[in-house]
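Please read these points with the model open beside you.

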Amino acid sequence: MTSTDDGDRPVDRFEAARNTALQHRDGGTCFHCQHDRCGQHAWAIEELARHPGGRKLLRQLGFPISSDESTEEGQPR
């Protein structure tokens, strides 16, 4: 496996999204932030919203995420 393959694993994407969301809590920033905007943070919120554990974290961080678990990818709505 090459180093570029490492980031394609779902667990790695989830962990990267989790870390980004935690860096931004309470108005924090990351090295991707530019002029009060961060595309990485927007991606992280979307990625976390796809997973039950991610939705739980988002709720803990104060994001208005519905508790409807049926919105997972591949699940009926």
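1. In this predicted model, the largest nonpolar core has seven residues: A17, A21, A44, I45, L48, L57 and L58. The largest share, three residues, is from α2. As background, nonpolar side chains in soluble globular proteins tend to be buried together.

2. Consider α2 by itself. Its buried residues are H41, A44, I45, E47 and L48. Viewed down the axis of α2, these buried residues fall within an arc of 165°, so they line one face of the helix. G39 and E46 lie on the other side of α2 and are exposed. The cover over the buried residues of α2 includes α1 and α3.

3. Leaving aside residues up to four places away in sequence, L48 touches F14, A17, R18, A21, G54, R55, L57 and L58.

4. How do α1 and α2 pack? Their axes are 8 Å apart and the angle is about 120°.

5. On the α1 side, the contact with α2 is made by R13, F14, A16, A17, R18, T20, A21 and H24. On the α2 side, Q40, H41, W43, A44, E47 and L48 take part. A17, A21, A44 and L48, listed in this contact, also belong to the largest nonpolar core.

How values were computed: Residues are numbered from 1 along each chain as its sequence is written. This is a predicted model: local features need pLDDT of at least 70, side-chain atom pairs count only at pLDDT 80 or more; totals for chains, interfaces and linings use all residues. Side-chain values use heavy atoms; hydrogens and water are left out. A nonpolar core is a set of buried Ala, Val, Leu, Ile, Met, Phe, Trp, Tyr and Cys residues joined through side-chain atoms within 4.5 Å. Buried means under 20% relative accessible area, exposed over 50%, partly exposed in between (1.4 Å probe, protein chains only). Helices (H or I, at least four residues) and strands (E, at least two) are DSSP runs, numbered from the N terminus. Contact means heavy atoms within 4.5 Å. The arc is that of the directions from the helix axis to the C-beta atoms. Axes are lines fitted to C-alpha atoms, for helices over the stretch in contact, and angles run from 0 to 180 degrees between N-to-C directions.
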